[in-house]
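Please read them with the structure open.

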Amino acid sequence: MNAFLLYFRYISVSFRSQMQYQVSFLLQLVGHLLGTVVEFFGIWALFSRFNNIGTWTLAEVALFYGTINISFACADALCRGFDSFATLIKSGNFDRLLLRPRTTVLQLLGTEFTLKRIGRFSQGIVVMGWSLSTLHIPFSFKTLWLLATSFIGGIALFVGIVIVQATLTFWTIESLEIMNILTYGGVETAQYPLSIYSKWFQRFFTFLIPLGCVSYFPLLAVLEKEDNFSVPLWFCYVSPMAGILFLIVTLQLWKIGERYYCSTGS
């Protein structure tokens with residue numbers, strides 16, 4: 001069985017296990033949905049008081065909000081194995097993954113596909129759809145390309161950040177909660193246009209953690225406001241590739257961490 005089919009076998013097992021307790025699943029799904037609704041209500045309250053942020057309207061910010069939450073929901077659902085990796089290190093159970101004839105990355109990605117993240121995903125879809133409708137943005141090939149690449153690049157970026165967090169556990173044993181600044185903090189940051197932040201902050205989330213590349217720049221082209229950041233239009237179309245490159249780099253760091261790993265002996 002090739003890796004692709006094996007991954008889907010993992011996912012099917014995860015689906016069946018999560019649906020064993022359907023009421024619990026539905027309550028968790030509704031909880032995640034309501035949590036994100038409250039987040040967007042906070043943004044709506046802000047705009048109802050101040051009308052706009054600089055040159056940005058609520059409908060435009062809603063596009064950033066919806067797009068980044070869709071990407072993060074998918075990445076969060078994929079990465080449960082890496083997110084809880086510290087427990088495998090402390091218990092010594094990571095040794096079992098090393099003995100199996102498949103890569104540890106595949107095994108950890110297949111640990112669980114968290115279905116309750118559908119709540120955040122669906123809310124992001126609704127907000128993004130409302131934004132596109134309100135702004136009268138047509139579903140042209142250009143728009144679909146920019147939204148699709150932003151979506152894929154965003155997933156790759158957040159998966160990469162979680163892999164970095166798990167990789168550091170090889171040295172720290174405990175998971176570093178400070179990395180949540182880049183995951184949940186990154187989502188909060190990308191819900192607003194990058195141009196509203198200070199210059200050093202913009203550079204950090206463009207060149208070091210390419211959050212702006214996967215979210216801000218392609219959406220500038222969707223909104224036809226690329227002049228706001230003084231970038232050429234072609235860059236907006238290719239910038240989401242930075243998320244994929246970031247993921248490739250983090251996978252190489254993971255291999256270095258695996259070589260460093262010493263069993264706990266438990």
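1. Start with A75, which sits in helix 3, residues 58–78. This is a predicted model, and what follows should be read that way. A75 is buried, at a relative accessible area of 2%. Which residues does A75 touch, leaving aside its neighbours within four places in sequence? They are I155, F158 and V159. There is also a C-alpha separation to note: A75 and G154 are 79 residues apart along the chain, yet 8.1 Å separates their C-alpha atoms.

2. Next, helix 3 against helix 2. Helix 2 spans residues 22–50, and its axis lies 11 Å from that of helix 3. The packing angle is about 160 degrees. Helix 2 is therefore roughly antiparallel to helix 3, since the cut-off for that class is over 145. The two helices make a right-handed crossing.

3. The residues at that contact can be listed. Helix 2 contributes T36, E39, F40, I43, W44 and F47. From helix 3 come L58, V61, A62, Y65 and N69. By class, the contact of helix 2 with helix 3 has 8 nonpolar, 2 polar and 1 charged residues.

4. Helix 3 also packs on helix 12, residues 211–223. Here the angle is about 140 degrees and the axes are 11 Å apart. How is helix 3 placed relative to helix 12, oblique or roughly antiparallel? Helix 3 is oblique to helix 12, because roughly antiparallel needs an angle over 145. The crossing of helix 3 and helix 12 is right-handed.

5. On the helix 3 side of this contact are E60, L63, F64, T67 and I68. They meet L211, S215, Y216, L219, V222 and L223 of helix 12. The contact of helix 3 with helix 12 divides into 8 nonpolar, 2 polar and 1 charged residues.

6. Now helix 9, residues 141–172, and helix 14, residues 241–260. Their axes are 8 Å apart, and they pack at an angle of about 20 degrees. Helix 9 is therefore roughly parallel to helix 14, as angles under 35 degrees fall in that class. Helix 9 and helix 14 cross in a left-handed sense. Their contact holds 18 nonpolar, 6 polar and 1 charged residues.

7. T167 gives a residue-level view of helix 9, where it lies. Is T167 buried or exposed? T167 is buried, with a relative accessible area of 5%. Leaving aside neighbours within four places in sequence, T167 is in contact with L253, W254 and G257.

8. T104 is found in helix 7, residues 104–109. T104 counts as buried, at 6% relative accessibility. Beyond its neighbours within four places in sequence, T104 contacts F94, L97, L98, W254 and E258.

9. Compare the record with the model. An unreviewed UniProt entry annotates "transmembrane region" at residues 21–47, 53–75, 145–171, 204–223 and 229–251. Two of these spans deserve a look. Residues 145–171 are 100% helix and 0% strand, with end C-alpha atoms 40 Å apart. Residues 53–75 are 78% helix and 0% strand. The end C-alpha atoms of residues 53–75 are 29 Å apart.

10. Two backbone angles call for a check. H136 is not a glycine, yet its phi is positive, near 60 degrees. The loop between helix 8 (118–134) and helix 9 holds H136. H136 counts as exposed, at 68% relative accessibility.

11. Where is E224 placed? E224 lies in the loop between helix 12 and helix 13 (233–238). Its phi is positive too, about 60 degrees, in a residue that is not a glycine. E224 counts as exposed, at 61% relative accessibility.

Key. Residues numbered from 1 in each chain as written. Predicted model: local features only at pLDDT ≥ 70, side-chain atom pairs only at ≥ 80, totals over all residues. Heavy atoms only, no water. Axes fitted to C-alpha atoms, helices over the stretch in contact; angles between N-to-C directions. Helix = DSSP H or I, 4+ residues; strand = E, 2+ residues; numbered from the N terminus. Parallel < 35°, antiparallel > 145°, perpendicular 65-115°, else oblique. Left-handed = near helix turned anticlockwise from the far one by under 90°. Nonpolar A, V, L, I, M, F, W, Y, C, P; charged D, E, K, R; others polar. UniProt positions renumbered as here; feature names shortened; annotations may be inferred. Buried < 20%, exposed > 50% of the residue type's maximum accessible area, 1.4 Å probe, protein only. Contact = heavy atoms within 4.5 Å.
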